[in-house]
Amino acid sequence: MEIPQLTIYPFANYTISTADGGTKKEQRSADARMTQLKSDYETYGLVRSVEVVMVVDIHGHPHVLVFQIGSKFYTLPGGQLEPGEDEVAGLKRLMNLYFELAPDDVEPSCILGHWYRPNFEPSVYPYVPAHVSKPKEEKLVVLLQLPAKATFTVNGANKLTPMAIMELYDNKESYGAVLASLPLVLSRLSVVSKTTADKSGVSGEANSDED
């Protein structure tokens, strides 16, 4: 059977610079986030959002790039789609908004999952619970194939940091359900690291799962 392939490059290949102004992904209390979600739902109906998974190599191990906000809050880059906006167009818009990435550098590889928020509460699920007829938010998690080199220009209030797959695995309490699920989801891919090009593939996620 054919296994989907993801090529990853050394984290050192990427430049992260900061700039004042622009978009700002702020840490807010759960109550504040849910208040905003409720307002958007009442105005537009189902809130659609997209988050992106970008994987890099550090010392031969896959790492996911996440926003660190404050000392303990981590989230995938992304945000809400505009009403009627196509997912790919929205993803390209958000990546330009957060990182000033050119549209040609944003190459969606595949959908890693759909997550649903049944109520105006922080919890999300990879399914719509049977008793819920109208979820409040649908979150699409998309894998992005990064180019060999790129510059990420982030707002000074944001910190883009690599998080090791082995740190995320089954660690819902620290990182939330979406991030904690990524090692298992990514294990279905053949991860080829350009730092170990002599190998046919680097099954970093599968090894982490078995450990």
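The expected span of a helix is 1.5 Å times one less than its number of residues. In this predicted model, helix α2, residues 87-99, has 13 residues and reaches 18 Å from its first C-alpha to its last, which is close to the 18 Å expected at 1.5 Å a residue. The points below treat helix α2 and its residue Tyr98, and then strand β8 together with Glu137, which has its place in that strand.

**Helix α2 and its ends**

- The buried residues in α2 are Gly90, Leu91, Leu94, Met95, Tyr98 and Phe99; they cover an arc of only 130 degrees around the axis, which puts them on the same side of α2.
- At the N-terminal end, α2 is capped by Asp86, a side-chain oxygen of which lies 2.9 Å from the backbone nitrogen of Val88.
- Beyond the other end, the residue that follows α2 is Glu100, and the phi of Glu100 is positive, near 60 degrees.

**Tyr98 within the helix**

- Tyr98, which lies in helix α2, has a relative accessibility of 8% and therefore counts as buried, given that the term applies under 20% relative accessible area.
- The side chain of Tyr98 reaches the backbone oxygen of Gly78, at a distance of 3.1 Å.
- Although Tyr98 and Thr153 are 55 residues apart along the chain, a separation of 7.4 Å is found between their C-alpha atoms.

**Strand β8 and its partners**

- Strand β8, residues 137-144, is mostly covered, in that seven of its eight residues are buried.
- With strand β3, residues 47-58, strand β8 pairs in the parallel sense over eight bridges, and Ser49 stands opposite Lys139 of β8.
- With strand β7, residues 108-117, strand β8 runs antiparallel, and eight bridges join the two; here Cys110 stands opposite Leu143 of β8.

**Glu137 within the strand**

- Glu137, in strand β8, has a relative accessible area of 8% and is therefore buried.
- The side chain of Glu137 makes a polar contact of 2.8 Å with the side chain of Ser49, and another polar contact, of 2.7 Å, joins the side chains of Glu137 and Arg117.
- When neighbours within four places in sequence are left aside, the residues in contact with Glu137 are Leu37, Leu46, Val47, Ser49, Trp115, Tyr116 and Arg117.

Notes: Residues numbered from 1 in each chain as written. Predicted model: local features only at pLDDT ≥ 70, side-chain atom pairs only at ≥ 80, totals over all residues. Heavy atoms only, no water. Helix = DSSP H or I, 4+ residues; strand = E, 2+ residues; numbered from the N terminus. Buried < 20%, exposed > 50% of the residue type's maximum accessible area, 1.4 Å probe, protein only. Arc of directions from axis to C-beta. Polar contact = N/O pair within 3.5 Å; in protein donor to acceptor, adjacent residues only side chain to side chain. Pairing = 2+ DSSP bridges. Contact = heavy atoms within 4.5 Å.
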